[in-house]
Amino acid sequence: MSLRWRNVLLVCTCALVAACKSGPFNLLRPSSPHQQYERKLVNAGLNQSAMGSGWVSKANNLLKNASGIKIPYKETGYFAADKFDGASFKFRLERGQMFTAKLTKQSVNSFSIYMDIWEQNDDGEFKLLAFADSIGSNLQIEAKRSGDYLLRLQPELLASGSYTLELTIGPSLAYPLKAVNRKQIQSFFGVGRDNNSRRHEGIDIFSAFRTPVIAVSEGTVTGVNENNLGGKVVWFRPKGKDYTLYYAHLDEQLVTPGQEVMIGDTLGLMGNTGNAKTTPPHLHFGVYTSGGAIDPLPFIDPLITPIPTIDGDIAKLNTTMRASKSAEISDQLPLQQTETLKQNTIARVLAVTSNYYKIELPNGKSAYVPNKSLVDAKTIKTLKITTNSQSLLDYPDVNAGIKTSLAIGKTVNVIGDFEDFQLVSTTDGKVGWIPLK
């Protein structure tokens, strides 16, 4: 970084600190740390500068261009102080799942990474759902609908350091039996019943006759009765939730309407009453909303997939590498709708996940590429300049800024290329782009 650029950043930082201490706030409107930080940039007038406007633009682009992933997911990445860095992820959650994001940071100097989670409405607008404080490490939400969600990470300006992000999903409720065994669940939501005249409105959990069935959260018993299908049943409303739980085919009910229960309290004993008289003892467990029955499995599913390990070299973070061979790349994992990364293409490594690098191409586009497809960006060949006063550019574009002029006959080292340009280094250590001949 040049001395002039360091001085500019120092002046902007001082202005930002002053704004943080004295800038006006709308106390009536709760806001996330990310929104508060952006407001301080505006109050300091930095949103009119290239640095401030670049940070705001990056924040918006992260929501619009999130990487598609499947959870569980883990990556280690690096945010550079001289870049507008950030990371965003798009993934699917099912209603009733509990989503957890764990973020750890490492840096010589303490720095903030703003982490928030969003959903995109049918009209394309983004809605903020939850956020972590700027020094916190965890963010957790219960999915209130099935669909796509987005997680955004963005560091404060002038900050650099590495981070590790771990994303997991699990059930938002406890298991309805004391002994947890996923193999007990043998009949699932939506399967046909009575010659497909109706659909199964819950899941069946099998165990021994008169096994205690328990409350999966704190709440209130709203009904204890008997009907033809469910036999002896208990209705239970978890505290603070907008749905009701249904325990059916009980041999005996051990609670009364209006009773307050705690997680783990026994509600009844498993049986086969109602239309289950010819089946082994089991609990029919259902979840009902104002719109009817929904799949209860995500609410209690004890099966949690382990977080994948990282196999790539984290020493490559924030380094320039090149493609050793043509490779398939995509903005989604597993790789989908792939494009071809040409041999010798230059890329900056943003993060490492499982056996992939997440890279940034010179045009700003990010993608995943198998880590075995990249090598260090070392000299491929030497090239003699044949054009008088050849411009060494700071970006692979004819309109980019000129770093220096290369005299005819000068020899440069070719490191790699991108589209119609080559990345070269000079004998005095300057690195930049020149057009391909």
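**Notebook: cavities, a sheet, a pocket**

I began with the second largest cavity, which holds about 50 Å³ of space. The model is predicted, with local features needing pLDDT of at least 70 and side-chain atom pairs counting only at pLDDT 80 or more, while totals for chains, interfaces and linings use all residues. Residues are numbered from 1 along each chain as its sequence is written, and side-chain values use heavy atoms, with hydrogens and water left out.

My search ran on a 1 Å grid over the protein atoms alone; a cavity is a set of points where a 1.4 Å probe fits but cannot get out, and lining residues have an atom within 4 Å of a point. Grid points are joined across faces, edges and corners, and a volume is the space filled by probe spheres set on the points.

**Cavities**

I looked up the lining of the second largest cavity and found Tyr78, Phe79, Asp85, Gly86, Ala87, Tyr163, Leu350 and Lys358. I sorted this lining into five nonpolar, one polar and two charged residues. Here Ala, Val, Leu, Ile, Met, Phe, Trp, Tyr, Cys and Pro count as nonpolar, Asp, Glu, Lys and Arg as charged, and the others, Gly among them, as polar.

How many cavities of 30 Å³ or more does the structure hold? I found two. The largest cavity has about 70 Å³ of space. Its lining has 13 residues, and Trp55, Lys83, Phe84, Asp85 and Glu156 are the closest to its centre. H3 and E8 are the elements that give two or more residues to this lining. Helices (H or I, at least four residues) and strands (E, at least two) are DSSP runs, numbered from the N terminus. I sorted the lining of the largest cavity into eight nonpolar, one polar and four charged residues.

**Sheet**

Next I traced an open sheet of five strands, in the order E1-E3-E8-E5-E6 with mixed pairing. Two strands pair if DSSP finds at least two bridges between them. Strand E1 (67–68) and strand E6 (126–131) are the edges; each has a single partner strand, so one side of each has no neighbour in the sheet.

I then checked E5 (residues 113–120) against E8 (residues 147–155): they run antiparallel and seven bridges join them. Ile117 stands opposite Leu151 in E8.

Which strands does helix H2 (residues 33–43) touch as it packs on the sheet? I found E5, E6 and E8, with the H2 direction at about 110 degrees to that of E5. Helix H3 (residues 50–64) also packs on the sheet, touching strand E3 (87–93), E5, E6 and E8, and its direction makes about 155 degrees with that of E8. Contact means heavy atoms within 4.5 Å. Axes are lines fitted to C-alpha atoms, for helices over the stretch in contact, and angles run from 0 to 180 degrees between N-to-C directions.

**Pocket**

A pocket is an open set with protein on both sides within 12 Å along at least five of seven lines. I put the second largest pocket at about 350 Å³. It is lined by 20 residues, with Arg198, His200, His249, Asn275 and His284 nearest its centre. Seven of the lining residues are nonpolar, seven polar and six charged.

**Single residues**

Is Asn371 buried or exposed? I have Asn371 as buried, because its relative accessibility is 13%. Buried means under 20% relative accessible area, exposed over 50%, partly exposed in between (1.4 Å probe, protein chains only). Asn371 sits in the loop between strand E27 (366–370) and strand E28 (374–376).
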